[in-house]
Amino acid sequence: MASYINNRISKIHLTSNIKQTIVAMLGVTFGISMYVFMTGFMTGVNNAQNDLAFSSLAHIRVYNDRPADNTNIAAKVFPNSVINLHNAKIIKYTDGIKNSNIILDALKAQKDITGVTTQVNINVFFKNAGNKVNGSVSGVDVVNENKVFNISKYITEGNWNELKQRTDGIFVAVDLAKNLSLKVNDNLNILTSDGISKNYKVIGLFKTDVASIDKSKAYININAARHLIGANQTYVTDIQINIKDYNKTENIINKMAPIIPYKTESWQIANQQLVAGSSLREIIAIAVSLVILLVAGFGIYNIMNMTINQKIREIAILKAIGFSGPDVTQIFLTEAIVIGIIGGFTGLGFGYLIANLVNKIPFEVAGLHTLPMAYTLKDYILAFMFGLVTTFIAGYIPARKASKIDPVTIIRG
Amino acid sequence: MQNDIILKVDNIVKYFYVPDKFQVLKRVGFEVKRGEFLALVGKSGSGKSTLLYVLSTMDTDYEGSLIIKDTLLTNKKQNDLAAFRNEHIGFVFQFHYLLPEFSALENVMIPALKLNKISKEEIETRAYENLKLLGIHEQALKKANKLSGGQQQRVAIARALINEPSIIMGDEPTGNLDSKNTQVVFDIFREISKEKGQTIIAVTHDDDFANHCDRIIELMDGKIINQ
């Protein structure tokens, strides 16, 4: 129940010592702008990192894993005896995914899946005359590969779609091409582990900025890859799946696992260091921002405390002429909240400005041009809420103190 | 209950605990009639101001009973007492105690805005009338801290009158004023007690002031020795 007169008194207090009010607001402004900037920067870094990672990594990968280790099978039957088996082998009866069409049809029925592409990945030697480099060649579904990995973004020479028609064509990573002294239209010989050798024509180059990939990878048409290893038309080694929200892989894997007789693996499981890096950065960003907000909160607390000490006789007189404890709390809390709201909005604006400036700082590493930055509405709202809660608490404690002032002791001196 | 008894205290006992336990008021009891102009006198330390603050409802730490306008106020909650003061009691202090950042007019209006029984425009008109009654309407829009001591005291009286309280209490209301302003304040009190029937209870050192009141209650060492 905010009465007119209480608000009027709050307003007079705020405007009669405008300098002090501005200092208190600047505290909030600073806290919130730093919060907005820090979280934006961290999210930007994480997004950049993920973009980089997802240039060669799908959200979910389906593949034929090696069977369980049964080399010591005798020990399972006779656990208490000592049996030596020499040269025991694990036999993998199936290689790759044989009837990919059935799985692809099953995946199409799933919601939340935004892209599916099939690959035939082969470990090979790249040979160009005397130069020999080992690496891997991916036979890809040209159109879907681009949907899932956005590969055309990384093409530096040539036209990605040309691979659709050219079963003799090959896209080579830039560093690999350099090591083999290859240019577009040069010939490249590939040697598989089964001893099959075939020539391809370089029709383009690509650069992902992931060094290990740029040194060892090449793309050919998926049918050419099947041909290279003598596999049938539905054979694939990997099915790569992208989903709507890459943080929600677990749900989808839980739904997929029972219907797919192969290993389904999320990017988080495959790349735990990425997840750890992202989480740690987030924790640091939140810790730093909260500390800043806390400091700003102490600033407000101090100023409110000072104001109340200055106005202690006024508070006593207000109580003498009929203002109750809750009235006094309300007057000072209103002041704190006004400071919080105005400081909060300027903080959001100022934080956006800083983020924008930092976003323009050149940073030419790993495919980035400027420092990364994310502008997330949720973070801005959260920053504002945090600021408001901080000012509320920082204002409430002194306001409560003010409400408990005994007018008699103050007036009688 | 006789209707013309506005305030009644019985067996008021009060202790101070700092620096040592000390009994300030010893079984004080009296009645005040409607429209009476009462002076509380006594030497310093006699307990007259302490008694006034008990009467004012601001000091609740006492034994005995306090009845104003047939309402028992002893042991009521602070917030209820604040609302009661707002409506029924006006205060004038020795050091005027205005809100320095507000204009004289606003200072007068505040208790009425708090009471919130009539519209803001009516309050403003009434506050201006009160200032005019006290001869300081020309200073109405000046900030309170820009006024002289005598003017500030008159603004404080105008503020005490704004809600037309039954009782006006003054703690040395003229203690800080020269003889001319003292006379002005006294005349105002005299007039409102006579014409509007408002009761006035004033603590004073000023014998001359006291002698012109309707009634004097004299305290010594926490007891009434003369009334």
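Strands (E, at least two residues) and helices (H or I, at least four) are DSSP runs, numbered from the N terminus. S10(A) pairs with strand S1 (residues 60-63) of chain A in the antiparallel sense, over four bridges. Pairing requires at least two DSSP bridges between two strands. Within this pair, A:Tyr63 has A:Lys263 of S10(A) as its bridge partner.

The model is a prediction, in which local features need pLDDT of at least 70, side-chain atom pairs count only at pLDDT 80 or more, and totals for chains, interfaces and linings use all residues. Residues are numbered from 1 along each chain as its sequence is written, and chains are lettered from A, with ligands numbered from 1, in the order in which they are written.

Further pairing in chain A involves strand S6 (residues 187-192). Strand S2 (residues 113-128) of chain A runs antiparallel to S6(A), and four bridges join the two. Here A:Val124 stands opposite A:Thr192. S6(A) also pairs with strand S7 (residues 197-206) of chain A, in the antiparallel sense and over five bridges. A:Asn189 has A:Asn199 of S7(A) as its bridge partner. S6(A) and S7(A) form a hairpin, with four residues between them. In the turn, A:Gly195 has a positive phi of about 90°.

Helix packing in chain A was examined for H14 (residues 325-358) and H15 (residues 377-403). Their axes come within 8 Å and cross at roughly 155°. That angle makes H14(A) roughly antiparallel to H15(A). Axes are lines fitted to C-alpha atoms, for helices over the stretch in contact, and angles run from 0 to 180 degrees between N-to-C directions. Angles under 35 degrees count as roughly parallel, over 145 as roughly antiparallel, 65 to 115 as roughly perpendicular and the rest as oblique. The crossing of H14(A) and H15(A) is right-handed, meaning that the near helix is turned clockwise from the far one by less than a right angle. The contact of H14(A) with H15(A) involves 19 nonpolar, ten polar and two charged residues. Nonpolar covers Ala, Val, Leu, Ile, Met, Phe, Trp, Tyr, Cys and Pro; charged covers Asp, Glu, Lys and Arg; polar covers the others, Gly among them.

The contact between the chains takes 20 residues from chain A and 21 from chain B. Two residues are in contact if their C-beta atoms, placed from the backbone, lie within 7 Å. On the side of chain B that touches chain A, helices H1 (48-55), H2 (78-88) and H3 (104-115) of chain B each supply at least two residues. H2(B) gives the largest share, six residues. By class, this side of chain B has twelve nonpolar, five polar and four charged residues.

Chain B contains an open sheet of four strands, in the order S2-S1-S4-S5 and with antiparallel pairing. Its edge strands are S2 (22-33) and S5 (71-72) of chain B, each pairing on one side only. Eight bridges join S1 (residues 5-16) of chain B to S2(B). B:Leu7 has B:Val32 of S2(B) as its bridge partner. H1(B) packs on this sheet and touches S1, S2 and S4 (63-68) of chain B. The direction of H1(B) makes about 125° with that of S1(B).

Eight of the eight residues of H1(B) are buried, so the helix is largely enclosed by the rest of the structure. Among them are B:Leu51, B:Leu52, B:Tyr53 and B:Val54. A residue is buried if 20 or more other C-beta atoms lie within 10 Å of its own, exposed if 12 or fewer, and partly exposed in between. Just after H1(B), B:Thr57 takes a positive phi of about 75°.

A six-stranded open sheet in chain B has the order S6-S7-S8-S3-S9-S10 and mixed pairing. S6 (89-92) and S10 (223-226) of chain B are its edge strands. Neighbouring strands of this sheet are turned by 25° against each other on average, direction ignored. S9 (residues 215-220) of chain B runs antiparallel to S10(B), joined by three bridges. B:Leu219 has B:Ile224 as its bridge partner.

B:Ala112 is found in H3(B). B:Ala112 counts as buried because it has 23 C-beta neighbours inside 10 Å. Leaving aside neighbours within four places in sequence, B:Ala112 is in contact with B:Ile123, B:Ile162 and B:Asn163. The C-alpha atoms of B:Ala112 and B:Glu87 are separated by 8.4 Å, with the two residues 25 apart along the chain.
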